[in-house]
Amino acid sequence: MHNQKFPPKADFVQKAWINETQYKELYAESMKDPEHFWAGQADRLTWMKKWTKVKDTSFHKPVSIKWFTGGKLNVSYNCIDRHLGHHADKVALIFEPDSPNHQTQKITYRQLHTEVCKMANVLKKLGAKKGDIVTIYMPMIPEAAYAMLACARIGAIHSVVFGGFSPDSIADRVNDGKSKLVITADAGYRGGKVVPLKDNIDKAMAKTPSVEKVLVFNYSQEKHDMTANRDVYYHEAVKGISDQCEPEEMDSEDPLFILYTSGSTGKPKGVLHTTGGYLLWASITHQYVFDCHENDIYWCTADVGWVTGHSYVVYGPLANAATSLIFEGTPTYPDASRFWQVVDKHQVSLFYSSPTAIRSLMREGNDFVKKSSRKSLRVLGTVGEPINPEAWHWYNDVVGEGRCPIVDTWWQTETGGHMITPIPGAIATKPGSATLPFFGVKPILLTNEGQEITGAGEGVLAIADSWPGQMRTVYGDHKRFEETYFSTYAGYYFTGDGCRRDEDGYYWITGRVDDVINVSGHRLGTAEIESALVANNKVAEAAVVGYPHDIKGQGIYAFVTLKTGVQSSDELKKELIQTVRQEIGPIASPDLIQWAPGLPKTRSGKIMRRILRKIAENAPEQLGDTSTLSDPSVVQDLVDKRLNR
Ligand code: WT7
């Protein structure tokens with residue numbers, strides 16, 4: 001049953017951008033002559049000056065990735081101005097607030113132009129200029145997109161920090177880029193609760209010497225403080241400002257944004273994306289993977305604080321003159337029918353969400369879905385983690401009533417956009433498989449020793465050659481970029497994921513093979529959570545692993561050793577969770593904390609995570625050989641008192 005195939009339906013294929021034959025031809029072309037292929041595709045953007053070389057990339061040290069060398073363009077021009085001829089009155093953004101009782105907004109491309117130009121002029125007035133890093137900490141409201149586009153317009157590099165991150169996490173990100181300007185709002189709303197954005201910024205600013213100005217949107221009217229000489233209200237700064245702002249001419253390889261993401265070691269790293277290749281990738285994948293046409297209403301439920309929000313709420317759809325819906329809320333507020341109410345209200349045709357959201361709605365039962373029409377839906381997408389076949393079938397049968405192709409898109413913050421994904425009119429789907437590579441993507445499976453696996457088999461997933469949307473470096477640390485992605489398997493981009501290829505050449509992502517865990521589609525490093533735990537002075541040592549979780553995909557299991565003399569208690573567990581929320585944010589809160597008198601270690605002192613993982617997975621029979629541990633007796637105690645049974 002798991003190899004069941006769902007071929008595209010004839011009526012869908014007829015109107016689709018890409019059918020099976022076209023996919024095969026275009027993919028083959030993209031492999032045979034990437035330069036020629038991408039030179040042709042680059043016409044979908046408007047360039048101020050044409051490039052001199054299409055592809056100039058090396059995965060060998062020194063790793064260097066350049067696309068469309070010498071080309072000049074502006075991302076905000078491509079996402080707005082060039083649509084003003086035919087699409088000035090087309091709706092660019094639909095805003096659906098957290099509460100269904102609050103006002104929906106529709107913003108046309110003409111209005112978007114006005115708002116972005118004004119905001120760009122405000123940023124200039126506050127001293128921002130080309131090359132500066134601007135931190136954005138906003139609710140999911142249209143102003144978040146305006147802020148990103150305004151940065152792009154003046155050539156400033158935005159660094160969006162997800163609204164769920166704590167003041168300490170904000171401070172780390174601001175300090176890494178020595179950002180001088182922060183854009184925020186008084187507060188936002190999620191699931192009926194107030195998110196105190198400005199309060200969090202105020203706490204973060206105690207640790208960020210570089211920040212000179214904080215630009216504040218008065219969105220919520222919630223109580224908040226303003227600091228003299230630093231904080232500026234947008235509605236005051238914008239008074240008398242021009243609604244025209246010339247887009248800055250940017251080099252194809254000038255940075256567009258930095259976005260921090262967790263790795264297996266150290267602090268989150270600043271993934272840097274540039275201008276030409278990134279926009280081309282976001283645009284082409286958005287058009288073909290969602291089969292987006294002129295009259296589609298497109299809705300991606302991700303927050304702009306994640307890469308999905310960058311590429312598939314803002315840049316991809318707007319580059320394509322599509323209508324993109326921005327949703328401030330959650331799937332289950334006021335109740336579990338909210339998504340489908342919004343679909344009906346705005347006649348959404350292309351819907352993109354996460355396995356976690358689907359699983360949490362599946363749990364609430366079919367009635368919440370069935371009381372909506374959903375007739376407008378045409379394509380359903382998922383991203384962020386492997387989708388289990390049960391959830392896939394529910395999405396397909398109950399939400400899509402068997403009418404809508406499911407696109408299970410595999411990609412990463414680092415890849416800029418979709419990499420392995422169905423194209424809905426071209427590729428038959430299989431529940432749980434991300435299917436086949438997008439144009440220009442050359443996946444390769446390797447053994448742990450770096451031997452290539454051909455045909456069907458399972459190994460680690462690497463990519464053999466560059467694609468335009470690839471990240472260019474880790475901000476401020478090119479060495480870390482080379483070490484993280486190009487050293488494990490020399491000459492390949494290493495994804496960190498395990499993967500199986502079946503007899504049809506389909507790819508099945510099996511999950512991370514490194515110390516990264518994926519909680520509700522959000523990436524967290526175990527090392528990060530451990531260092532947050534030991535920040536509490538009662539903790540001597542901590543080891544964190546992931547375990548299978550029905551809704552979140554993976555849950556966080558922490559083994560904690562307390563300092564001598566400290567009493568364990570449920571109170572202390574709560575305190576530790578509080579510590580993690582403070583250091584990172586609520587998404588990193590451990591689901592389970594087990595007191596560990598000792599941790600299993602090798603004789604050289606390395607924590608044996610393999611063993612802890614098996615204990616957390618409730619599979620003590622699979623512990624394997626523990627005889628090489630420095631103190632094998634600690635394992636039995638951990639097994640006896642394990643929490644996930
Ligand atoms: C990791 C990347 C891409 C935007 C959201 C997450 C996992 C992502 C899938 C999928 C199986 C997936 C991988 C990947 N992942 N999409 N369709 N099937 N796994 O971006 O935070 O950079 O995380 O998410 O493990 O490496 P991210």
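This is a predicted model: local features need pLDDT of at least 70, side-chain atom pairs count only at pLDDT 80 or more; totals for chains, interfaces and linings use all residues.
1. Helix α14 spans residues 355–363 and is mostly covered, with seven of its nine residues buried. Those buried in α14 are P355, T356, A357, I358, R359, S360 and L361. The list includes R359 and S360 as well as I358 and L361. An α-helix has 3.6 residues a turn, so residues three or four places apart point the same way. After α14 comes G365, with a positive phi near 100°.

2. Which residues come nearest to the ligand? They are D408, T409, T413, D497 and R523, out of 17 residues around the ligand. By class, the shell is made up of six nonpolar, six polar and five charged residues.

3. A polar side-chain atom of Q412 is 2.9 Å from an oxygen atom of the ligand. On the backbone side, an N or O atom of G384 lies 3.1 Å from a nitrogen atom of the ligand, and a polar backbone atom of P386 lies 3.4 Å from a nitrogen atom of the ligand. On its own the ligand has 560 Å² of accessible area, and the protein covers 96% of this. Elements that contribute two or more residues to the shell around the ligand are α12 (307–319), β20 (406–409) and β26 (507–512).

4. Strands of a sheet pair through backbone hydrogen bonds, either parallel or antiparallel. For β6 (residues 133–137) and β7 (residues 157–160) the sense is parallel, over four bridges. Within this part of the sheet, I136 stands opposite V160 in β7.

5. Most residues other than glycine have a negative phi, and most peptide bonds are trans. Two cis bonds to proline deserve a look. The bond joining K61 and P62 is cis, with omega about -5°; P62 sits in the loop between β1 (53–58) and β2 (64–69). The peptide bond from Y333 to P334 is also cis, with omega near -5°.

6. F68 is not a glycine, yet its phi is positive at about 60°. F68 is located in strand β2. Is F68 buried or exposed? F68 counts as buried because its relative accessibility is 0%, against a limit of under 20%.

7. R374, likewise not a glycine, has a positive phi near 60°. R374 is in the loop between α15 (367–370) and β19 (379–383). With a relative accessibility of 1%, R374 counts as buried too.

Terms used. Residues are numbered from 1 along each chain as its sequence is written. Side-chain values use heavy atoms; hydrogens and water are left out. Buried means under 20% relative accessible area, exposed over 50%, partly exposed in between (1.4 Å probe, protein chains only). Two strands pair if DSSP finds at least two bridges between them. A residue is near a molecule or strand if one of its heavy atoms lies within 4 Å of it. A polar contact is a pair of N or O atoms within 3.5 Å; within protein, one must be able to donate a hydrogen and the other to accept it, and residues adjacent in sequence count only if both atoms are side-chain atoms. Accessible areas come from the Shrake-Rupley method with a 1.4 Å probe; for residues, only the protein chains shown count as cover. Ala, Val, Leu, Ile, Met, Phe, Trp, Tyr, Cys and Pro count as nonpolar, Asp, Glu, Lys and Arg as charged, and the others, Gly among them, as polar.
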